[in-house]
Amino acid sequence: MSAEFELTRNITIGQYLPTASVVHRLDPRFKLGAFAILIVAIAICNTYVGNLFALAVCLWLFQVSKIPLHYGISGIKPAIPFIIILAIMQLLFYGEIANGGTVYFQYGIISISSESIRLVIVSAMRFVEVIFLSSVLTLSTSTTELTHGMERLLGPLEKVKFPVHAFALIITIAIRFVPTFAMEMEKMMKAQASRGADFGTGEWWRIVQRTKDMFPIIIPLFNVALSRAEDLILAMEARCYMPGASRTRYTQYKAKGIDYAALGASVVISVVMLGIPW
Amino acid sequence: MEKGLTVRKIVIAGVLGAIAILLGVTRLGYIPVPTAAGNATIMHIPAVIGGIMEGWGVGMIIGLIFGVSSFLNATVPLFKDPLVAILPRLFIGVTAYLTYVGLKNVNQYLAIGAAGFIGALTNTVLVLGLAVIRGYMPFGVAATVAVTNGLPEAVVSVIVTLAVVAAWKKLGSSGRQKSKISGDF
């Protein structure tokens, strides 16, 4: 029960594991680029061997970045029941929609074909791969590096009047405020509980009741957030912050050979992954 | 982004984005509904509120933050697909804003409530539509989920949006809005 109130403990956002590996030292711009290429390739790839290859690449990344594999596995554990339920549904009901392939079994609306089996296995593998990849990225890159890298990567968009700097600032503010609001929320939950409200004690099938329990938390949370926003707006304007004004940067990134190599490797891996015909 | 981003827009987008992330990581943003898609969500509400308060640009950015955070936190394979997790969420704030602007002159409360409803509906319809197209669930299942998850989502969205925005608008006029530079005088 007490664990219900320990919100700040569960926030793993910006969790960073400094093992000082090659992956950690990569230029964040190139790391993000390589990550994006691999994610897109995984989302498109729907062959068995291609996905096996992608899985091998993910495991190799854990090895190279010196991150213990259980960090990745802990991300998969809570999802296993969902994966199984979804897999069974896809297996039973998807046969006739996924046309093509040989039909092995058919009874009423239930039909199992080679295509639906492929769909089930590939989507489960895809899920594991994406979890592994995103854990490597977030565990090896600090949030500051991530936002800086993103800002630089989007830099060219400034030519078409896209407010890149403002956008990076929004992301930074959002990440900065998550722990603050978590604390506020904890305070509000404790305040409500000390007045006799109960959270999470209702049975799961009493959906309406459990939803109603949330209102005394959610609505004040928005109000606290908005009044904090007012404070921040006032503070920024008092210091003459001008959105869109040109400003210099504190951190400068310089690409090295290894960064280009990483980007090249991700392209090669994607091409191989999509090129495998089975 | 008609006039570019003001300080106000930047900060409101950041702060509401933070709430979207927070609701996701603490699991408080989920209504436990026992269906195929797992849980109903209330995490689209920050995008709706941002859209109503600061326009479609802010709504779209909050939608993007919500989408990316749900993509990174997802425990269901369905939302580990960027096409399903991120793309549909961009439009939540936009439709909410359009609804609000369209009905604003009829009745403020009606407009806010309707924007909450339409915003939630945008999320449900687009996410499930893409789920069907991308082959994660057959049409029949998606339709059931739309009713069992989408309906509670829409109702909760209307209530929270109305409560927050109505309260905030009243406070704003009575001097709660501290900064007068970026607001309209």
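This is a predicted model: local features need pLDDT of at least 70, side-chain atom pairs count only at pLDDT 80 or more; totals for chains, interfaces and linings use all residues.

**Entry 1: helix H4 of chain A**

I began with the buried residues of H4(A), and found A:Gly50, A:Asn51, A:Ala54, A:Val57, A:Cys58 and A:Phe62. They sit on the same side of H4(A), because they cover an arc of only 145 degrees around the axis. I reminded myself that an α-helix has 3.6 residues a turn, so residues three or four places apart point the same way.

What covers the buried residues of H4(A)? I noted that the cover includes helices H3 (28–44), H5 (70–76), H7 (114–140) and H11 (257–275) of chain A.

I also checked the length of H4(A), which takes in residues 48–64 of chain A. At 1.5 Å a residue, its 17 residues should span 24 Å, and the end C-alpha atoms are 24 Å apart, so the two agree. After H4(A) comes A:Lys66, with a positive phi near 55 degrees.

**Entry 2: the cores**

Then I went looking for the largest nonpolar core, and it has 72 residues. Those with the most contacts inside this core are A:Ile170, A:Phe181, B:Val11, B:Ile19, B:Ala20 and B:Ile52. The elements giving two or more residues to it are H9 (164–194) and H10 (207–238) of chain A, along with H1 (7–25), H2 (45–54), H3 (56–73), H5 (90–103), H6 (108–133) and H8 (150–176) of chain B. H9(A) gives the most, with 15 residues.

Leaving out residues up to four places away in sequence, A:Ile170 touches B:Ile10, B:Ala13, B:Gly14, B:Gly17 and B:Ile61. Apart from this core lies another, of 25 residues, and A:Ala34, A:Ala54, A:Cys58 and A:Val130 are among them.

**Entry 3: the UniProt record**

The unreviewed UniProt entry places "transmembrane region" at several stretches of chain A, including residues 35–62 and 162–182. I compared these two with the model. Residues 35–62 of chain A are 89% helix and 0% strand, with end C-alpha atoms 14 Å apart. Residues 162–182 of chain A are 90% helix and 0% strand, and their end C-alpha atoms lie 31 Å apart.

**Entry 4: chain B**

Last, I counted elements in chain B: eight helices and two strands. From the N terminus on, they run α-β-β-α-α-α-α-α-α-α. Of the 185 residues of chain B, 58% count as buried.

Definitions and conventions: Residues are numbered from 1 along each chain as its sequence is written. Chains are lettered from A and ligands numbered from 1 in the order in which they are written. Helices (H or I, at least four residues) and strands (E, at least two) are DSSP runs, numbered from the N terminus. The expected span of a helix is 1.5 Å times one less than its number of residues. A residue is buried if 20 or more other C-beta atoms lie within 10 Å of its own, exposed if 12 or fewer, and partly exposed in between; C-beta atoms are placed from the backbone. The arc is that of the directions from the helix axis to the C-beta atoms. Two residues are in contact if their C-beta atoms, placed from the backbone, lie within 7 Å. A nonpolar core is a set of buried Ala, Val, Leu, Ile, Met, Phe, Trp, Tyr and Cys residues joined through C-beta atoms within 7 Å. UniProt positions are given in the numbering used here, feature names are shortened, and annotations may be inferred rather than shown by experiment.
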